[in-house]
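Work through the exercises below with the sequence and the model open. Try each task before reading its solution.

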Amino acid sequence: MKMAKLNGITVHYTDQGNPDGATVVFSNSLGTDLRLWDQLMPLLPKSLRLIRYDTRGHGLTSAPDGDYFMGDLVADAAALLDHLKVKDCVFVGLSIGGMIAQGLAAERMDLVRAMVLSNTSAKIGTTAMWQDRMEDVHKGGIEALEAATLERWLSARWRRENPSALAGWRHMLCRTPVAGYLGCSAAISETDLFESTARLTLPTLAIAGSEDGSTPPDLVRETADLIKGSKFQLIRGAGHLPCVEQPEEYAAILTTFLAAQAHV
């Protein structure tokens, strides 16, 4: 277990693989933690240095009360990479993690040489939608969102065929600190990265799941199209968390992209 005191909070992270290898950093989605990427880790090239961390308000990272801002989350990621002396990484972010990736690439070009925007967008949902969701949590806890969230996260077929694993993802969601879920929801609700993302020029891979109920493929492609030369990859039969449903295909897509950037 690795912890770092950064920006007034304690950040939980893992740092595995080759310490001298090219670095890939992974940022989790709303309602999950760094275990989101567990199945992916053994499938990636052994030459890589693989860093994962729990976003503010998630997992074992501190969950301060009050609204968070996307600038806070981007600053947390930058502080962690500075703490670990990382430069020129490939940053992989899923959902809110993909928003963090876009913000980090715009603000700290020294840290990110390429990025993977997985199941994300420059803007996700509307302010009203997020306010309604936050109100539901205030009234009934995260459990009030459980059924609808799992339907967006994971395809109907996967949920039907993996009941035990589904229970694990349900527990992860419902055990997310309420302050963290609300804080990050507030950050997403006020974030619109279209202008800053459209100015980015770094190599970018966008990944979408055909059954994603949170960030449908057209939304992911719209963001990818903002970045000249970006690549788009659809994983069929997967929902919002394709690295969970189809880790082998996800790892193969990611490894191909890393190789194309001479980052393996």
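Buried means under 20% relative accessible area, exposed means over 50%, and partly exposed lies in between (1.4 Å probe, protein chains only). The model is predicted: local features need pLDDT of at least 70, side-chain atom pairs count only at pLDDT 80 or more, and totals for chains, interfaces and linings use all residues. Residues are numbered from 1 along each chain as its sequence is written, and side-chain values use heavy atoms, with hydrogens and water left out.

**Exercise 1.** Classify arginine 35 and aspartate 33 by accessibility, and state how their side chains meet.

Solution.
Step 1. Arginine 35 has 44% relative accessibility, so it counts as partly exposed.
Step 2. Aspartate 33 has a relative accessible area of 7% and is therefore buried.
Step 3. A salt bridge is a side-chain nitrogen of Lys or Arg within 4 Å of a carboxyl oxygen of Asp or Glu. The side chains of arginine 35 and aspartate 33 form one, at 2.7 Å from N to O.
Step 4. By this rule the count comes to nine salt bridges.

**Exercise 2.** Find which parts of the chain are tied together by aspartate 76 and arginine 56.

Solution.
Step 1. The closest N and O atoms of aspartate 76 and arginine 56 are 2.7 Å apart, in a salt bridge.
Step 2. Helices (H or I, at least four residues) and strands (E, at least two) are DSSP runs, numbered from the N terminus. Aspartate 76 belongs to helix 1 (residues 70-83) and arginine 56 to the loop between strand 4 (49-53) and helix 1, so the pair ties together parts 20 residues apart in sequence.
Step 3. Both aspartate 76 and arginine 56 are buried.

**Exercise 3.** Describe how helix 4 and helix 6 are arranged.

Solution.
Step 1. Axes are lines fitted to C-alpha atoms, for helices over the stretch in contact, and angles run from 0 to 180 degrees between N-to-C directions. The axes of helix 4 (residues 146-153) and helix 6 (residues 163-174) come within 11 Å and cross at roughly 120°.
Step 2. Angles under 35 degrees count as roughly parallel, over 145 as roughly antiparallel, 65 to 115 as roughly perpendicular and the rest as oblique. Helix 4 and helix 6 are therefore oblique to each other.
Step 3. Contact means heavy atoms within 4.5 Å. Glu146, Thr149, Leu150 and Trp153 of helix 4 meet Leu166, Trp169, Arg170, Leu173 and Cys174 of helix 6.
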